[in-house]
Amino acid sequence: MDLLPSPRPLERPTVQRELRIFAGLLWRYRLRYGVGVASLLVVDIGNLTMPWLIGRFIDEAQAGSLDAAVIWRYVGMVMAIAALVAGFRYLWRMNIFGTARLVEFELRDRLFRHLQRMGARFYQRHSIGDLMAHATNDLSAIRGVLGEGIMAGWDALIMVTLTLATMAGTIHWQLTLVALLPLPLLILFEWALGRQIHVRFKAVQAAFGTLSERVQESLSGARVIKAFAQEEAVTARFQQDNVAYYERFMTLTRLNALNDPVITLLGGLSTVIALGYGGALVLSGELTLGQFVAFNSYLGMLVWPMLATGWVINLVQRGTASMARIQALLDEAPDVSDAPGAKAPEAWRGRLEIRNLTFRYAPELPEVLRDVSVTLRPGETLGIVGRTGSGKSTLVNLLVRVYEPPEGTVFLDGQDVRTLAVEPLRNAVAYVPQDGFLFSTTIAENVAFAPREPEAADVLRAAAIAQLDSEVQDMPHGFETMLGERGITLSGGQRQRVSIARAVFKDAPVLVLDDCLSAVDTLTEARILQGLKPLMAERTTIIVSHRVSALQHADQILVLDAGRVVERGTHAELLALQGEYRKLYDRQAIEAAIEAVE
Ligand code: ATP
Ligand code: MG
């Protein structure tokens with residue numbers, strides 16, 4: 001059985017794959033990045049001409065050739081260059097930062113689509129909080145590489161190349177070489193730092209995931225926490241995670257804090273060398289004073305690219321760590337997906353067959369269903385009853401492939417559901433899960449949650465069948481009442497009835513009700529079943545219930561116990577059997593009698 005996804009290595013030793021992905025993204029947007037980088041080049045050249053101009057200006061002043069016309073010429077040149085730099089600065093920002101935003105947008109979109117395709121097992125493995133952390137922090141770390149990283153990296157490269165070329169070419173190449181003596185030390189330091197950052201950033205993001213998970217759960221479970229007066233304990237646990245996150249981040253911060261001082265220190269070393277050796281050159285007349293001043297300005301201009309390189313290494317290490325995390329999610333294949341050549345019948349008849357179905361959730365877990373077989377002709381109703389944990393929900397989940405049944409066990413209209421395309425299969429079944437989820441939107445939209453036009457009349461009809469209409473109409477905003485976080489909270493029974501109305505609205509050939517009448521009283525249950533009768537007459541229906549009363553009109557009833565069918569038959573047959581079903585019936589009959597007396 002291929003129940004679990006194939007194991008994948010958790011930590012890859014190299015970041016080559018992530019770097020290749022980044023390279024691919026850059027290549028895809030090569031035009032935008034090309035314009036951005038070219039604009040950056042213009043800006044840098046513009047900036048570089050400034051010290052050169054000033055050097056020339058000083059030399060002219062010393063030579064005594066300055067007059068008003070010359071001064072105006074210099075003013076004009078400085079202003080023209082400043083204007084050029086301003087224009088191209090706008091261009092590079094738009095092209096580089098703008099593209100980074102675009103890539104982040106696309107990646108977020110892709111991640112969301114991917115998450116939508118993932119099945120129940122995936123959400124069992126990943127917490128919502130951690131997934132949220134991926135979608136926020138990791139994506140912004142990736143954007144960091146594609147925006148600031150590209151900008152600072154190119155800028156540093158251009159500046160270093162141009163500055164060094166100008167220093168060596170127009171001033172003094174020996175002096176330039178000597179001033180660069182501390183560089184190898186710097187490279188060594190940055191390399192070691194980068195590796196550490198990568199590892200620690202991954203740990204930081206993981207800790208952030210845990211923290212988000214804790215916050216998300218504590219907020220979702222706020223009511224339970226309050227009811228059990230567990231605020232202190234929950235806060236203490238949160239603090240633990242918060243401290244863990246803080247401490248991991250501090251290890252990163254300490255590393256980062258090392259970066260700038262070390263670079264500045266090594267830069268200072270260069271300045272000392274330049275002052276000593278350069279000063280000697282001026283004294284010996286090999287350098288003019290203007291050249292000496294310009295050289296020192298250039299040296300000063302090298303500090304920023306050095307700092308930028310440190311920053312880029314930091315960004316890239318964070319970005320590749322985050323890319324690895326995102327990629328690990330994207331690499332997970334949906335556990336349920338269309339087989340090659342998956343079929344999608346034109347029309348369904350609704351014949352359902354389960355053959356010798358044995359199922360376990362994972363190889364190491366016990367069997368949850370054992371050798372279950374049942375056949376339902378189109379239009380028939382199957383009732384399933386059994387103790388809690390006996391496998392009822394599992395059985396109906398396998399029908400719609402929430403979990404994948406073994407091959408050759410579950411058939412709809414004679415076709416193994418595993419050979420059917422997932423979407424049409426799920427469209428063919430109106431499934432009311434045991435814990436129907438309601439969205440934070442209007443009641444009408446919660447009911448009309450199906451791939452078809454939300455007709456108001458259909459919503460009303462569905463609500464009427466679910467015995468929901470009069471209650472909703474009494475609400476101030478009727479079917480437009482908002483539910484959930486920004487609206488009202490429905491009672492358990494009301495929630496169940498909204499879920500039922502949703503399934504009725506869906507109007508599919510197979511109807512599955514998983515214990516969705518448990519929170520309504522017997523009278524309402526009877527009314528809902530009465531309302532569903534015409535629908536059930538023309539479609540295949542499965543009703544799971546703890547109450548015998550909900551099943552008595554079913555064509556067949558299965559009694560499940562620990563995953564096995566222990567009794568089967570019609571209501572009358574099962575009563576006559578004097579077995580489990582009979583016991584359940586008698587007990588519930590007494591309960592109903594007591595209820596009636598009260
Ligand atoms: P209830 O009447 O309480 O709804 P049920 O008959 O619907 O119970 P199931 O939900 O099908 O019972 O669960 C059957 C068994 O399978 C239980 O022992 C449960 O712990 C186990 N089980 C259910 N879902 C999973 C899962 N996703 N992973 C592992 N085990 C599971
Ligand atoms: Mg169940």
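1. Let's start with a hairpin. Strands E1 and E2 form one, with 6 residues between them. The two strands run antiparallel and are joined by 6 bridges. To see one place where they face each other, find Leu-357, which stands opposite Val-372 in E2. Please keep in mind as you look around that this is a predicted model.

2. Now widen the view to the sheet. Which strands make it up, and in what order? The open sheet has 4 strands in the order E2-E1-E4-E5, and the pairing is antiparallel. Its edge strands are E2 (367–376) and E5 (415–416), each of which pairs on one side only. As background, strands of a sheet pair through backbone hydrogen bonds, in either a parallel or an antiparallel way.

3. E1 has another partner to look at. Strand E1 (residues 352–360) pairs with strand E4 (residues 410–412) over 3 bridges, in the antiparallel sense. You can trace this residue by residue: Glu-353 has Phe-411 in E4 as its bridge partner, while Ile-354 has Val-410 in E4.

4. Next, the helices. Helix H2 (residues 30–63) packs with helix H3 (residues 68–117) at an angle of about 155 degrees, and their axes are 8 Å apart. Why is this pair called roughly antiparallel? Angles over 145 degrees count as roughly antiparallel, so H2 is roughly antiparallel to H3. Their crossing is left-handed. The residues of the contact between H2 and H3 divide into 24 nonpolar, 7 polar and 5 charged.

5. The axes of helix H5 (residues 128–171) and H7 come within 7 Å, crossing at roughly 140 degrees. H5 and H7 are therefore oblique to each other. The crossing of H5 and H7 is right-handed.

6. Let's turn to the spaces inside. Rolling a probe the size of a water molecule over the atoms shows where empty space is left. How many cavities of 30 Å³ or more does a search of the whole structure find? The search finds 3, and the largest cavity has a volume of about 190 Å³.

7. What surrounds that largest cavity? Its lining has 14 residues, and those nearest its centre are Leu-266, Gly-267, Ser-270, Leu-302 and Met-306. Helices H7 (183–220), H9 (231–283) and H10 (289–331) each supply at least two residues of this lining. The largest share, 5 residues, comes from H9. By type, the lining residues of the largest cavity divide into 11 nonpolar, 3 polar and no charged.

8. Finally, have a look at the largest pocket, whose volume is about 2,200 Å³. Which residues lie nearest its centre? They are Gln-116, Met-118, Arg-426, Phe-439 and Phe-449, out of 46 residues that line the largest pocket. Several elements each supply at least two residues of this lining, including H3, helix H4 (120–125), H5, helix H12 (422–428), strand E6 (429–432) and helix H16 (492–506). H3 gives the largest share of the lining, 6 residues. Sorted by type, the lining residues of the largest pocket divide into 26 nonpolar, 9 polar and 11 charged.

Terms used:
Residues are numbered from 1 along each chain as its sequence is written. Chains are lettered from A and ligands numbered from 1 in the order in which they are written. This is a predicted model: local features need pLDDT of at least 70, side-chain atom pairs count only at pLDDT 80 or more; totals for chains, interfaces and linings use all residues. Side-chain values use heavy atoms; hydrogens and water are left out. Axes are lines fitted to C-alpha atoms, for helices over the stretch in contact, and angles run from 0 to 180 degrees between N-to-C directions. Angles under 35 degrees count as roughly parallel, over 145 as roughly antiparallel, 65 to 115 as roughly perpendicular and the rest as oblique. A crossing is left-handed if the near helix is turned anticlockwise from the far one by less than a right angle, and right-handed if clockwise. Ala, Val, Leu, Ile, Met, Phe, Trp, Tyr, Cys and Pro count as nonpolar, Asp, Glu, Lys and Arg as charged, and the others, Gly among them, as polar. On a 1 Å grid over the protein atoms alone, a cavity is a set of points where a 1.4 Å probe fits but cannot get out, and a pocket is an open set with protein on both sides within 12 Å along at least five of seven lines; lining residues have an atom within 4 Å of a point. Grid points are joined across faces, edges and corners, and a volume is the space filled by probe spheres set on the points. Two strands pair if DSSP finds at least two bridges between them.
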